[in-house]
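Here is a short briefing to read beside the coordinates.

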Amino acid sequence: MVTTEMSGKADGDDVGGESALIEYGIEDRPPFLRSLGLGIQHYLTMVGANIAVPLVLAGAMGMPEQFIPRFVGTFFVVSGVATLAQTTFGNRYPIVQGAPFSMLAPALAIVGVVAANPPAGIAAWRAALLQLQGAIVVAALFEVVVGYTGLVGRLRRYFSPVVIAPVIVLIGLTLFTAPQVASATQNWPLLLLTFGLILLFSQFLGSSARAFQLFPVLLGIVAAYLVALSLSLGGVYAPNTPGYVSLASVWSAPLAVPIYPLQWGVPQVTTSFVIGMLAGVIASIIESLGDYHAVARLSGVGAPSERRITHGIGMEGVANVFAGLMGAGGSTSYSENIGAIGLTGVASRYVVQVGAAAMLVVGFFGPFGAFVATIPDPVVGGLYVAMFGQIVGVGLSNLEYVDLDSQRNLFV
């Protein structure tokens, strides 16, 4: 059954017609256990990025090994809280929030400068992290103001399909440069196996069993992971090669990790670092606008209203302030889970909220972060190929509403 979001009309959305591709609409509430599985599936689509960002930052800072599970867990706790806030009080779309790559470049620049010249009396990695936190918090306040003053929402009238289509397409194409896909030492057989399984389950077996229809991503990742684990245990994959799986870090991880605001210390603010982080925040806002249009189209509702954009960007700013206080690397909407909607037809906000609550809880469980980190890059890469392809397809589908005989539209 497909339902269109009732609040869409109140918000000024152009409500779309029912689509046979949507299994659960925005307002639908599947049974709890099914929602839990579907919610975890949504989060699995973005797990590579939400693990990659803290691991990259930890490596750049030189963070001691014993703090890394706690650092990774912090990102999942922040993601869970930010997603619950966005889906409940923000744009109210079924969209996951997580660590942004758009803010990673300025973050690494800040870390590099501080780590090269650490202040006396504090470990270099902690000093770098505190400066990063301060830059994120202050830059995020700019995002809060831009969002809740309605500046971005008022610009909505200029975002016609002829503008939105290339933005979404470019977001999808740019994501293909992720190291899990474009690595020079890629394990292509394992990547193609993962992609092939997701393709098989979602496009060919979906009509034969409801499990394949609803859980193609989850089943594809689990099956590919088990293959990689078996080949690793059998000696086919050597340690430190793409596709190798080792569970040693899972057994050695602490059972529970303490995660709370200001856990690393009081954030430090440096003006030049804040200015650099503003560039990442602005890039995040532009990406989020494309994401909002993509998720609305896939969910079977109309283009985002000014109110949805205003509350969405404003809430992302609030989530970034929270991320900075917690010691994470920021928060933004995730394109990967939008691709999952296209593959599974599950656009339920409730499903995403259940998944977010689960991530919030397991973020405090040390072995969880360690286990997720064992998912091989080729498996994540195969998942990404399916997800990013969906995003590009959504962007191209906006051309349905564009007059391609117009020279002006072709120029844009």
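The points below are grouped by topic. The model is predicted.

**Helix packing**
- Helix 16 (residues 335-344) packs on helix 19 (residues 377-397) at an angle of about 85°, and their axes are 8 Å apart.
- Angles of 65 to 115 degrees count as roughly perpendicular, so helix 16 and helix 19 are roughly perpendicular to each other.
- Helix 16 makes the contact through Ser-335, Glu-336, Gly-339, Ala-340, Gly-342 and Leu-343.
- Helix 19 contributes Tyr-384, Ala-386, Met-387, Phe-388, Gln-390 and Ile-391.
- By class, this contact has 7 nonpolar, 4 polar and 1 charged residues.

**Second largest pocket**
- The second largest pocket holds about 570 Å³ of space.
- Its lining has 24 residues, and Ser-246, Ser-249, Ala-370, Ala-373 and Thr-374 lie nearest the centre.
- Helix 4 (68-89), helix 13 (248-252), helix 18 (366-372) and helix 19 each give two or more residues to this lining.
- The lining divides into 14 nonpolar, 8 polar and 2 charged residues.

**Positive phi outside glycine**
- Asn-240 has a phi near 65°, a positive value in a residue other than glycine.
- Asn-240 sits in the loop between helix 12 (216-233) and helix 13.
- With a relative accessible area of 80%, Asn-240 is exposed.
- Leu-262 is not a glycine either, yet its phi is positive, about 60°.
- The loop between helix 13 and helix 14 (271-298) holds Leu-262.
- Leu-262 is partly exposed, at a relative accessible area of 39%.

Notes:
Residues numbered from 1 in each chain as written. Predicted model: local features only at pLDDT ≥ 70, side-chain atom pairs only at ≥ 80, totals over all residues. Heavy atoms only, no water. Axes fitted to C-alpha atoms, helices over the stretch in contact; angles between N-to-C directions. Helix = DSSP H or I, 4+ residues; strand = E, 2+ residues; numbered from the N terminus. Parallel < 35°, antiparallel > 145°, perpendicular 65-115°, else oblique. Contact = heavy atoms within 4.5 Å. Nonpolar A, V, L, I, M, F, W, Y, C, P; charged D, E, K, R; others polar. 1 Å grid on protein atoms, 1.4 Å probe; cavity = no way out; pocket = protein on both sides within 12 Å on 5 of 7 lines; lining within 4 Å. Points joined across faces, edges and corners; volume = space filled by probe spheres on them. Buried < 20%, exposed > 50% of the residue type's maximum accessible area, 1.4 Å probe, protein only.
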